[in-house]
Amino acid sequence: MKSIYLSATILFTMLITLSYSQTSLPSFFSDSMVLQQQTEAVIWGTDKAKTKITVTGSWGKSNKVITDESGKWKIKLATPTAGGPYTVVISGSNTIILHDVLIGEVWLCSGQSNMEMTLKGNANQPIIGSNEFILQSNNPSIRVFHTPRNFSKTPLNNVNGHWKFASAASSGNFSAVAYFFAKKVNAVLGVPVGIIQTSWGASNVESWMDSATLASFKKVNIPENTTIKEANTTHTMLYNSMLHPYIGFTIKGMLWYQGESNRDRANEYQALFSLLIKSWRQQWDQGSFPFYFVQIAPHAGTGTISGALLREAQLKTMQAVENSGMAVTLDIGEKNMIHPAQKEQVGNRLAYWAFAKNYNIPGISFTGPVYKQIEKIANDSLIVAFDHADMGFTTFGKPLSDFEIAGEDKVFYPAKAIITQNRKACITIWSEQVKSPGSVRYAFKNWVEGSLFNTYGLPASSFRTDNW
């Protein structure tokens, strides 16, 4: 029995040695890739065990490492300020030369269908201005690595794909939100932008979490057999196949657009989403990197306030999780379409967070008004104060709508609202049906058309002051 065990061990070792018989890299370390500027960019691969690996960038930096017993290696390569193109040479059992490498800003973009939705749109679902954007998109400094849909019960180490630069021939297949974000960052900063796009429509948040992290919150359920129709809502499946391979790739930050598939469980979304962010940051080992996400847009959907409850969970996540930010889309939803056509605004609003918080661009607004407190109750009216409205509010000529107030009976009635003239960043709200009001809600329904903006044109999130 002992000899059989030893033979099996030797055979396993031989198989590993044969599989790592020469220098190889994951697909995303390839020609035309983008590396994060001014960092110790992490690069890894495989080779024969105990082999010296040398990685050299043509900008004048180099580093060496010895592969471990299994043939794996990982190295850090110092990168310069944005520029290129450069070459990167990996020397081991053989030599690999990566050409046309740019140094710039790298963001990983994930989520479900509104992140996956391409610049050319979906069937019978347009992106506003897509044809002109595609026509004008030629820009070798914007590059996207697209992750094909895949699922796995166990963590994978590679994906099928390659880097493409923006052009009329390729940009139509890029994530629209990711492209508009990259376009804005490239235009403002004048540096190359690399996007790693990994998303799957209708996926829930649990599918993007590793089993250990998810198990700390709920029982992990992975069926023995999973079909492609079930993969995007099966625990850990997308994490294993479409997120795990990238862990450690040096990035500036992450963008996330997901939530619709968790509307029916909004009560647990804040905890799950916060846990996802924490676990990804820990696994990347880059500290609390920026994590910016999109609040789901209004949509009729099912139920009365399921969408509002999910938006509330997202708002609370932004307020509780450090170095996070949320792009509000309360003004650009579509009542009967879950994929809003106005994706340029979404990409731009995500970029505003990055400009203000990470790229140190002063003087810009990065979020719409955020509820602060009920400041005063007078004459059966509520005076409500907001943050991020230093210059006040605007409704762009329309009346304020979708405010409701309630008294001690906890019954909400439609309310009238006006911008308070003698108090900074305040709204006065009242209803003839409510005496001595104590609670207020704004746009706390599935379908609404946002009416409250700061003077920079950014919309307020829906909110409520009760917990009923």
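Me: When is a residue called buried, and when exposed?
Reply: A residue is buried when its relative accessible area is under 20%, exposed when that area is over 50%, and partly exposed in between. The structure discussed here is a predicted model.

Me: Why is Ala-212 called exposed?
Reply: The relative accessibility of Ala-212 is 55%. The cut-off for exposed is over 50%, and therefore Ala-212 counts as exposed. This residue is found in helix 5, which comprises residues 211-215.

Me: How far apart are Ala-212 and Glu-260 in sequence and in space?
Reply: In sequence, 48 residues separate Ala-212 and Glu-260; in space, their C-alpha atoms are 24 Å apart.

Me: Why is Thr-367 called buried?
Reply: Thr-367 has a relative accessibility of 6%. Since buried means under 20%, Thr-367 is counted as buried. Its place is the loop between helix 10 (343-357) and strand 14 (370-378).

Me: What makes a residue count as a neighbour that Thr-367 touches?
Reply: Contact requires heavy atoms within 4.5 Å. When residues up to four places away in sequence are left out, Thr-367 touches Trp-353, His-388, Asn-454 and Leu-458.

Me: Is Asn-446 buried or exposed, and how do you know?
Reply: Asn-446 has a relative accessible area of 3%. The limit for buried is under 20%, so Asn-446 is buried. Asn-446 belongs to the loop between strand 21 (439-442) and strand 22 (453-454).

Me: How do you know that the radius of gyration of the protein agrees with that of a compact globule?
Reply: For 468 residues, a compact globule would have a radius of gyration near 23 Å. The protein has 25 Å, which agrees. Along the principal axes, its C-alpha atoms fill a box of roughly 85 × 55 × 40 Å.

Me: How much of the protein counts as buried, and which helices and strands does the protein contain in number?
Reply: Of its 468 residues, 54% count as buried. The protein contains 10 helices and 23 strands. Among contacts with a separation of 6 or more, 72% come from residues 24 or more positions apart.

Note on methods:
Residues numbered from 1 in each chain as written. Predicted model: local features only at pLDDT ≥ 70, side-chain atom pairs only at ≥ 80, totals over all residues. Heavy atoms only, no water. Helix = DSSP H or I, 4+ residues; strand = E, 2+ residues; numbered from the N terminus. Rg over C-alpha atoms; globule rule 2.2 N^0.38 Å. Buried < 20%, exposed > 50% of the residue type's maximum accessible area, 1.4 Å probe, protein only.
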